[in-house]
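Me: I am new to this structure and would like a close look at a single part of it. Please set that part in the context of the whole chain and take the time to connect the details.

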Amino acid sequence: MGFIILVLFIILFIIIVTNISVVQQSRAYVIERLGAFHQVWGVGLHFKVPFIDRIARRVSLKEQVLDYPPQPVITKDNVTMQIDTVVYFQITDPKLYAYGVEQPMAAMETLTATTLRNIIGDLELDQTLTSRDVVNTKMRAILDEATDPWGIKVNRVELKNILPPQDIQNSMEKQMKAERDRRQAILQAEGQKKSAILIAEGEKESAILRASAEKEAAILKAEAEKQAAILRADGEAQAILAVQKAMADSLALLNEKAPNDQVIKLKSIEAMQKIADGKATKIIIPSEMQGLVGMANGIVEGIKE
């Protein structure tokens with residue numbers, strides 16, 4: 001009897017222990033009672049009624065990532081491409097996630113592929129390659145709205161790779177190469193143009209500087225010649241003034257001594273000689289002075305003998 005009680009006690013203990021559950025952080029358990037939804041267990045210690053309650057689904061509340069393989073899509077201009085998509089989502093309602101749709105991940109994959117085909121079908125090839133942000137935004141909005149009854153929140157959708165056909169890739173590469181060559185030619189032409197402009201500006205500035213220097217040199221030369229002419233004129237004027245002063249002084253002395261006519265005539269001859277200064281080729285002597293000149297020459301010849 002005691003052994004049976006011990007066995008019953010051990011079985012009861014095992015049943016109680018196995019029906020105690022600890023829900024971890026960022027997880028939730030969907031509980032069914034007698035086959036119907038009962039409640040959602042959050043973080044903490046929980047006990048389910050044996051043989052009545054059942055954990056229908058263990059749900060992760062973390063953000064999850066689904067990386068779908070490349071899907072064939074056709075653009076508006078009938079180009080078939082391979083596009084693979086990445087979807088970031090999070091389960092916000094465990095009850096809807098458990099009972100909203102059968103196999104939610106497969107449903108999301110199918111919905112993502114059909115949505116991608118619908119959006120790309122309205123775009124041409126060039127628009128598809130250059131409008132990733134537009135496609136991502138549209139897909140996120142459509143998927144988020146469609147999966148809301150499933151308790152799923154779509155946070156972000158990214159087009160991972162866009163692979164056009166090989167012949168189109170080759171054409172695009174050739175086009176890109178031609179565009180790069182064109183830009184390089186434009187840059188080289190602009191560089192040569194700027195270089196020519198700089199050289200011309202340099203030559204222009206050099207010519208202006210040379211002309212300015214020559215002008216200044218000519219001005220300085222003219223100033224120097226002007227100053228030299230002024231100095232020569234001043235010298236000649238001072239020499240004339242000195243001669244005139246000497247003559248005036250001589251006349252003054254003569255007047256003081258009361259000279260006779262002969263002395264005055266001799267002084268006049270001396271004055272004429274100074275005026276000529278050896279530069280005149282012809283000197284006109286008044287007739288009244290010619291006899292005096294001859295007498296003076298005779299006296300000079302007598303002295304020499």
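Reply: Of the contacts in the protein with a separation of 6 or more, 63% are accounted for by residues 24 or more positions apart. The model is a predicted one, and the protein in it has eight helices and nine strands. Of its 305 residues, 22% count as buried, while the accessible surface of the protein comes to about 21700 Å², with 58% of that area belonging to carbon and sulfur atoms.

Is Thr 85 buried or exposed? Its relative accessible area is 2%, and because buried means under 20%, Thr 85 counts as buried. Once the neighbours within four places in sequence are left aside, the residues in contact with Thr 85 include Leu 66, Asp 67 and Tyr 68, and also Thr 112 and Leu 116. Met 139 is likewise in contact with Thr 85, as are Val 157, Glu 158 and Leu 159.

Not counting residues up to four places away in sequence, Asp 144 touches Ile 152, Lys 153 and Val 154.

Phe 9 has its place in helix H1, made of residues 2-18, and it counts as exposed because its relative accessibility of 55% is over the 50% limit. Phe 9 also belongs to a nonpolar surface patch of about 600 Å², which it makes together with Leu 6, Ile 10, Phe 13, Ile 14 and Val 17.

Strand E2 (residues 27-33) and strand E3 (residues 36-41) run antiparallel and are joined by five bridges. Within this pair, Glu 32 stands opposite Phe 37 in E3. The two strands form a hairpin, with two residues between them, and in the turn Leu 34 has a positive phi of about 55 degrees.

Note on methods
Residues are numbered from 1 along each chain as its sequence is written. This is a predicted model: local features need pLDDT of at least 70, side-chain atom pairs count only at pLDDT 80 or more; totals for chains, interfaces and linings use all residues. Side-chain values use heavy atoms; hydrogens and water are left out. Contact means heavy atoms within 4.5 Å. Buried means under 20% relative accessible area, exposed over 50%, partly exposed in between (1.4 Å probe, protein chains only). Patches are made of residues with over 30% relative accessible area and no salt bridge: like charges are joined within 9 Å, nonpolar side chains (Val, Leu, Ile, Met, Phe, Trp, Tyr) within 5 Å. Accessible areas come from the Shrake-Rupley method with a 1.4 Å probe; for residues, only the protein chains shown count as cover. A salt bridge is a side-chain nitrogen of Lys or Arg within 4 Å of a carboxyl oxygen of Asp or Glu. Helices (H or I, at least four residues) and strands (E, at least two) are DSSP runs, numbered from the N terminus. Two strands pair if DSSP finds at least two bridges between them.
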